[in-house]
Amino acid sequence: MDILFYGFVVFLFAAVILGIEGSYLWWVSTHGAAAQRVARRLQLMSGSAGRSGERISILKQRRYASNDLADRLLHRVALADRIDRLLLQSGKKWSVQQFLLWSGVTLLAGAILAAQLPLPLAIKSGLGLLCALLPLMLVRRARKRRLLRIELQLPEAADFIARALRAGHSFTNVLQIVGNELPEPLSADFRITREEINYGVSMAEALHNMAARIPLTDLRYLIIAVLIQRETGGNLAEILTNISHIIRARLKLVAKVRVLSAEGRMSAWILGLLPFSVGAMLMLTNPGYVQILWTDPTGIKLLWAALVMILIGVVWLRRMIRIHI
């Protein structure tokens, strides 16, 4: 009896030790430093910003939703690809699912708000649509600001790469140095390009992917110069230095044009918002005075004519002040 008891204790002790060891090995393999390092590389390869709670796939494909079924359905929709590309270029950590949910929430809030106001159906529909487009406008604004910051960083990046090449570094090592030394957001895209090359993607494909993530003409000039130099040879450091001078000169010209066109842009904003501001003020102070615009047939015609004329004027002013350089 004692032998059986002691044998049971020994086997129980061994089972507990093996269970603890197995749990430890499982935890290290899924949540340890090495596993997290692999997960971060996979996230960089997929173009993800590292959203927590998101399953990582070894396939080079961004997830559009946290749920597998919703992710598969969204991958079949062409519009979801354009939304995901816009989110990627804006630097937002939203998924396509989150973007669509926020658009639905703002649409519902706009519909509830419009239902409480004594407005015609057309204006209520326009107000609801405007609220639904609010997340899109925020993402586009974030994209514009991010691309502007990257554009201002490009001359410094070109000079940095040229100096590193003159010091004897290879171009692949230069990508890693730029990703570690330059400030965000440009350094993140250089790190992604470096990770893609480490995973076996060709240099040309990795640089083309970078150009797709950052749709800037100056960056495409830089990438084209690198690809041509790899095919034909030449002094890449000198070429990048010249490109840096060209980018700086173009940015100075853009700044000068923005200063000269500031008056026109301000006029466009004032002329575009003034009618709506006056209408909203009249609605608050004397609603009966302006309700005739959507209660009388003649007022409805005048209202539509005014909206069309405002739209034509805003588009015309926008074309006048937008100068492509």
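**Close-up views of a predicted helical chain**

View 1. Residues are numbered from 1 along each chain as its sequence is written, and side-chain values use heavy atoms, with hydrogens and water left out. Helices here are DSSP runs of H or I with at least four residues, strands are runs of E with at least two, and both are numbered from the N terminus. Helix α6 (121–132) and α7 are the elements that give two or more residues to the patch, and α7 gives the most, with 3. Why does L129 count as exposed? Because its relative accessible area is 52%, and the scale (1.4 Å probe, protein chains only) calls a residue buried under 20%, exposed over 50% and partly exposed in between.

**View 2. Zoomed out, the chain has 16 helices and 0 strands.** Of its 325 residues, 32% count as buried. The accessible surface comes to about 21400 Å², and 66% of that belongs to carbon and sulfur atoms. Areas come from the Shrake-Rupley method with a 1.4 Å probe; for residues, only the protein chains shown count as cover. Take the contacts between residues at least 6 apart in sequence, and 55% of them join residues at least 24 apart. Contact means heavy atoms within 4.5 Å.

**View 3. Helix α7 (residues 134–166) crosses helix α9 (residues 186–198) at about 65 degrees.** Their axes are 9 Å apart. Those axes are lines fitted to C-alpha atoms, for helices over the stretch in contact, and angles run from 0 to 180 degrees between N-to-C directions. On the α7 side you'll find R146, I150, Q153, L154, A157 and I161, and they meet L186, D189 and F190 of α9. By class, this contact has 6 nonpolar, 1 polar and 2 charged residues. Ala, Val, Leu, Ile, Met, Phe, Trp, Tyr, Cys and Pro count as nonpolar, Asp, Glu, Lys and Arg as charged, and the others, Gly among them, as polar.

**View 4. E196 and R213 pair up in a salt bridge, with the closest N and O atoms 3.7 Å apart.** E196 sits in helix α9 and R213 in helix α10 (residues 203–213), so the pair ties together parts 17 residues apart in sequence. Are these two buried or exposed? E196 and R213 are both buried. Salt bridges that share partners join R146, D189, E196 and R213 into one network. A salt bridge needs a side-chain nitrogen of Lys or Arg within 4 Å of a carboxyl oxygen of Asp or Glu, and the structure holds 7 of them.

**View 5. D159 and R248 form a salt bridge at 2.7 Å between the closest N and O atoms.** This one links distant parts of the chain: D159 belongs to helix α7 and R248 to helix α12, 89 residues apart. D159 is buried at 15% relative accessible area, whereas R248, at 33%, is partly exposed. I239 and L222 are 17 residues apart in sequence, with their C-alpha atoms 8.8 Å apart.

**View 6. A cis peptide bond joins E184 and P185, with omega at about 5 degrees.** Most peptide bonds are trans. P185 lies in the loop between α8 (171–181) and α9. The side chain of E184 meets that of R191 in a salt bridge (2.7 Å, N to O). Both partners are partly exposed: E184 at 46% relative accessibility, R191 at 29%.

**View 7. N67 lies in the loop between α2 (33–46) and α3 (68–75).** N67 is partly exposed, with a relative accessible area of 41%. N67 and Q97 are 30 residues apart in sequence and 9.2 Å apart in space, C-alpha to C-alpha.

Definitions and conventions:
Predicted model: local features only at pLDDT ≥ 70, side-chain atom pairs only at ≥ 80, totals over all residues.
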